[in-house]
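Hi,

Here is the model I promised to send over.

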Amino acid sequence: RNSASATRHADLSQCPVAEALFRETLRMHPASSLLPRRATQELQLGQRRIPAGTSLGIPLLHFSTSPLLHEAPDQFRLARWLQRTGPIRPVDMLQFGSGPHVCIGYHLVWLELVQFGIALALTMHKAGVRPRLLSDAEKGRRYYPTAQPSMKIRIGFS
Ligand code: HEM
């Protein structure tokens, strides 16, 4: 399929690698690592009693990198999405929240980032270059208040 003509939702959904890139990047690096909440009434969470008024943080990063939910969670694996047979689970979309306040921009950002991935790959292919990490990405991870790469990370194209 000619990916250069992929501009509509139906075209983009035929580009599984770009979609897997979108899902796997946000799984390992959720833009927001924590959702703040306040308990409006007393709750029982497992063994714990949470009094009304307690401030809670829902750890999205913990869920999206949990071995209970994802095989080999520390590995960046496009295959986990490409080879998937079942539907996308709500927990796979937790980076966008859940329930009544789920992200209203999900479909827009899906469209933008899948299209961006395709455009970037096509541009690099045309220029005959590949991206290369020039510094240690592990040391550059920042998750608070929102996920962001360190300014020290350098990517080269050659
Ligand atoms: C990768 C990009 C994005 C991520 C990871 C993301 C993530 C989230 C998350 C986790 C929430 C839930 C917050 C909560 O429950 O406390 C949220 C809500 C929201 N998002 Fe996004 N978002 C993204 C892009 C966008 C875009 C592009 C728009 C608008 C064009 C948008 C608009 C909103 C709005 C309005 C809400 C609040 C919904 C409500 O409270 O009813 N988001 N987003």
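By class, the shell around the ligand has 9 nonpolar, 4 polar and 1 charged residues (nonpolar is Ala, Val, Leu, Ile, Met, Phe, Trp, Tyr, Cys and Pro; charged is Asp, Glu, Lys and Arg; the others, Gly among them, are polar). That shell is 14 residues, with Arg-37, Gln-95, His-101, Cys-103 and Ile-104 the closest; to be counted, a residue needs a heavy atom within 4 Å of the ligand.

This is a predicted model, so to speak of a local feature I needed pLDDT of at least 70, and side-chain atom pairs count only at pLDDT 80 or more, while totals for chains, interfaces and linings use all residues. Numbering starts from 1 along each chain as its sequence is written, and side-chain values use heavy atoms, with hydrogens and water left out.

Strand S1 (34-38) and helix H5 (106-127) each give the shell at least two residues. Helices (H or I, at least four residues) and strands (E, at least two) are DSSP runs, numbered from the N terminus.

H5 also packs with helix H2 (residues 16-28): their axes come within 9 Å and cross at roughly 120 degrees (axes are lines fitted to C-alpha atoms over the stretch in contact, with angles from 0 to 180 degrees between N-to-C directions).

Cheers
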